[in-house]
Amino acid sequence: MPRPISATIHLDALRHNLATASARAQAHKRWAVVKANAYGHGIERAFEGLRAADGFALLDLAEAERVRALGWRGPILLLEGCFELRDLELCSRLKLWHAVHCEEQIDMLAAHKTDAPHTVVLKMNSGMNRLGFKPQHYRAAYARLDALPQVEEIVLATHFSDADGPRGIAHQMAAFNAATEGLSGERSVANSAGTLIWAAGDDAESQAVRADWVRIGIALYGSAPDAPAHSAADWGLKPTMSLRSRIIGTQDLQPGDTVGYGSSFTATEPMRIGIVACGYADGYPRHCPTGTPVLIAGQRCKTVGRVSMDMLAVDITQQPNSAIGSEAVLWGQSAEHPGATLPIDEVAQSGGTIAYELMCALAARVPTHAAAD
Ligand SMILES: *Cc1c(COP(=O)(O)O)cnc(C)c1O
């Protein structure tokens with residue numbers, strides 16, 4: 001028998017989350033962001049649940065090829081654009097849209113031979129200071145692209161640094177709106193947080209955030225972009241990834257007994273622990289301290305001691321019916337106890353990280369399959 005750990009990808013939850021986030025954006029066009037192997041869900045599986053999207057956005061040329069291989073004929077966007085001239089040949093062949101964020105990428109495009117002019121997404125650095133042209137250089141970049149025979153359409157875009165936090169997006173929207181005034185082309189500014197938090201109103205500001213395209217990532221995968229201020233359930237989002245395993249051993253502890261490497265946990269009273277077949281080599285964060293929630297047989301329990309490579313320990317003192325073979329849900333939905341759910345955002349919070357990192361870190365050794373629900 002294989003180790004009892006597995007991950008399940010819930011296709012219906014992906015569909016539901018796309019529809020829920022789309023409703024906030026009032027059905028403007030939606031990029032489903034499927035970079036990083038669809039946030040760890042697997043491109044092919046995620047595609048199945050996200051077919052209703054208007055386009056797929058990702059970073060990796062190999063992932064773009066996989067989406068085309070699935071039969072998708074609509075737009076595919078390379079969010080970081082091309083890294084070398086050869087990449088542009090693949091863009092022409094696969095009809096990929098690609099970001100243009102620096103002069104070097106415009107130089108490459110000018111040197112590219114193609115009969116099929118490209119749609120490019122001209123990226124503005126409106127304050128995040130990662131990729132993109134500063135507002136004062138944006139028009140010149142636009143004019144350069146506009147003059148190239150290799151370019152057919154220019155989409156105007158920027159990315160928010162604080163759509164999920166107290167600083168908000170007003171400063172970036174002001175910079176973007178001022179620098180793009182009068183330029184023609186579709187626009188795209190909002191990520192998940194921008195879409196859920198800032199794009200839902202009927203006012204002009206919300207409309208400008210919806211623009212022509214929203215770019216939805218994490219919300220598709222059932223995590224609240226502004227956790228812990230809101231939960232996924234607050235936004236009407238459902239878990240799309242369930243990481244489940246089982247108890248493979250139990251121990252009865254006396255006061256003074258310790259658990260795991262470094263003896264970081266010491267029992268202060270008699271207790272019973274279950275050893276779950278899941279560790280950091282499966283992608284479970286080693287940083288999760290004692291007290292991180294786990295569902296055992298549908299009931300909330302807490303980890304004790306350090307997470308090791310292949311195992312972690314859970315306090316099951318209050319679960320007398322739990323034994324070897326009991327289901328452990330590390331995050332997501334229980335398969336055996338309908339309705340029992342552990343939001344991935346709570347586990348991430350406990351480990352001092354965000355759900356994005358947990359999903360992306362799901363290890364290749366964990367057998368993963370799609371489920372219809
Ligand atoms: C990853 C990414 C997104 C999606 O972000 P979420 O927070 O997951 O919604 C949108 N736009 C760009 C440019 C990205 O790189």
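User: Which side chain makes a polar contact with the side chain of T240?
Analyst: This is a predicted model. T240 sits in the loop between strand 9 (213-216) and strand 10 (241-253). Its contacts, leaving aside neighbours within four places in sequence, include T8, I9, H10, N17 and H41. The side-chain polar contact, at 2.7 Å, is with H41.

User: Which backbone oxygen does the side chain of T240 reach?
Analyst: T240 is in contact with L220, Y221 and G222, among others. The backbone oxygen in question lies at 3.0 Å and belongs to Y221.

User: Is T240 buried or exposed?
Analyst: Buried means under 20% relative accessible area. T240 has 0% relative accessibility, so T240 counts as buried.

User: Which residues of helix 3 are buried, and where do they sit around the axis?
Analyst: Helix 3 spans residues 43-50, and its buried residues are I43, A46, F47, G49 and L50. They cover an arc of only 165° around the axis, so they lie on the same side of helix 3. In an α-helix, residues three or four places apart point the same way. The buried set is I43, A46, F47, G49 and L50, and its place is the same side of helix 3.

User: What covers the buried residues of helix 3?
Analyst: The cover includes both helices and strands. Among the helices are helix 1 (11-24), helix 2 (35-39) and helix 4 (61-69). The strands include strand 2 (29-33) and strand 3 (55-58).

User: Which residues have the most contacts inside the largest nonpolar core?
Analyst: In soluble globular proteins, nonpolar side chains tend to be buried together. Here the largest nonpolar core has 110 residues. The residues with the most contacts inside it are L50, L145 and Y284.

User: Which strand gives the most to this core?
Analyst: The core draws at least three residues from each of domain 1 (11-225) and domain 2 (241-371). The top contribution is 5 residues, from strand 7 (residues 151-158).

User: Which residues does L50 touch, not counting residues up to four places away in sequence?
Analyst: L50 is buried in helix 3. The residues that L50 touches are L14, L18, A32, V34, F56, L220 and Y221.

User: How many residues are in the second, separate core?
Analyst: Its members include V259, F265, A267 and V304. The number of residues in this second core is 9.

User: How many disulfides are in the whole structure?
Analyst: A disulfide needs two cysteine sulfur atoms within 2.5 Å. For C91, the nearest cysteine sulfur is that of C82, 3.6 Å away, and C91 is in no disulfide. The sulfur of C278 is 9.7 Å from the closest one, in C288, which is too far for a bond. The search of the whole structure finds 0.

User: Are C91 and C278 buried or exposed?
Analyst: C91 has a relative accessible area of 1%. C278 has 0% relative accessibility. C91 is buried, and C278 also counts as buried.

Note on methods. Residues are numbered from 1 along each chain as its sequence is written. This is a predicted model: local features need pLDDT of at least 70, side-chain atom pairs count only at pLDDT 80 or more; totals for chains, interfaces and linings use all residues. Side-chain values use heavy atoms; hydrogens and water are left out. Buried means under 20% relative accessible area, exposed over 50%, partly exposed in between (1.4 Å probe, protein chains only). Helices (H or I, at least four residues) and strands (E, at least two) are DSSP runs, numbered from the N terminus. The arc is that of the directions from the helix axis to the C-beta atoms. Contact means heavy atoms within 4.5 Å. A nonpolar core is a set of buried Ala, Val, Leu, Ile, Met, Phe, Trp, Tyr and Cys residues joined through side-chain atoms within 4.5 Å. Domain bounds come from an automatic or database domain assignment. A polar contact is a pair of N or O atoms within 3.5 Å; within protein, one must be able to donate a hydrogen and the other to accept it, and residues adjacent in sequence count only if both atoms are side-chain atoms.
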